[in-house]
Amino acid sequence: MKKEKKNFKQIIKQPIIWILIAATFWLAIGLMLGIFYDFFFLFGGSAKFDPLTGNLTPAYAVFDERIYVANPHFYHTQLSVLHVHTLVLGFVVNLILILFEKVFSISKKKKLFLSSFILYNFALLLVIIFMMIRGLDWVFNIDYELVHVKTNADPNTTSKNDGFYEFVVYNTTPYYTVPAALTAIPHVLMGVAFICYVICLYFGVSDYIKKKKLDNSNQNIKQ
């Protein structure tokens, strides 16, 4: 048992394990956000809209007209890109880092790598949180009205059968809760983290090239 604990502690201390844990975490978060997006617009905004009469028949008791109007068939919000952002910037980027660590040992500058690793994942977490808040803020703060669009050539006609109804969004106050200045901060932090990653990669590639040259020279001497 003691040997197993020691082995476990040694494994956990490896930077490649940190990256693997982060990749797994972002994979789980990304999948959950995808499920949330689908169910949010399915149960919160599923209805039948008749464009000829303007009648709106909800499919579920939790129906909210704002969610229906803001659904992907009408408008795209930041909720629609949460899933992809999380999987690409969280899962895929960390998988790439695992390959870099395996081939080039980019964690040799341990303090620099650890700081950039923590900074990147923390900044990404803030980005995802802010995108979620801004997406929900857009949906629940929209104002809209039902407008009758006439298709009859005679503009003086008052018949409601001479056209169709459509939703028009107006007087919107998107992103009210999280200002743009605040959302810029995590993006700047991610940029700094990427620069630190590149520096770590530079040192790793440099050591890799030096070792390869040394191995080649040793082989030539043996021959």
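**Notes on a predicted model**

1. Ile106 touches Leu97, Phe100, Glu101, Phe113, Cys200 and Leu201, leaving aside residues up to four places away in sequence. Please keep in mind throughout that this is a predicted model. Ile106 sits in the loop that joins H4 and H5. With a relative accessible area of 2%, Ile106 counts as buried, because the cut-off for that label is under 20%.

2. Val198 is 92 residues away from Ile106 along the chain, yet the C-alpha atoms of the two are separated by 9.1 Å.

3. H4 covers residues 82–104, and H5 covers residues 110–140. How are H4 and H5 oriented to each other, roughly parallel or roughly antiparallel? Their packing angle is about 170°, and their axes lie 10 Å apart. Angles over 145 degrees count as roughly antiparallel, so that is the description that applies to H4 and H5. On the H4 side, the contact is made by Leu82, His85, Thr86, Leu89, Gly90, Val93 and Asn94. H5 contributes Phe117, Tyr120, Asn121, Leu124, Ile128, Met131 and Met132.

4. Gln78 touches Met131, along with Arg134, Gly135 and Tyr175, when residues up to four places away in sequence are not counted. Gln78 lies in the loop between helix H3 (65–69) and helix H4. Is Gln78 buried or exposed? Its relative accessible area is 18%, and Gln78 is therefore buried under the 20% limit.

5. Finally, the surface. Ile35, Phe39, Leu42, Phe43, Tyr60 and Val62 make a nonpolar surface patch of about 540 Å². One of these residues, Phe39, belongs to helix H2, which spans residues 15–45. Phe39 has a relative accessibility of 46%, so Phe39 is partly exposed, a class that lies between the 20% and 50% cut-offs.

Conventions. Residues numbered from 1 in each chain as written. Predicted model: local features only at pLDDT ≥ 70, side-chain atom pairs only at ≥ 80, totals over all residues. Heavy atoms only, no water. Patch = residues over 30% accessible without salt bridge, like charges linked within 9 Å, V, L, I, M, F, W, Y side chains within 5 Å. Areas by Shrake-Rupley, 256 points an atom, 1.4 Å probe, with all protein chains shown as cover. Salt bridge = Lys/Arg side-chain N within 4 Å of Asp/Glu carboxyl O. Helix = DSSP H or I, 4+ residues; strand = E, 2+ residues; numbered from the N terminus. Buried < 20%, exposed > 50% of the residue type's maximum accessible area, 1.4 Å probe, protein only. Contact = heavy atoms within 4.5 Å. Axes fitted to C-alpha atoms, helices over the stretch in contact; angles between N-to-C directions. Parallel < 35°, antiparallel > 145°, perpendicular 65-115°, else oblique.
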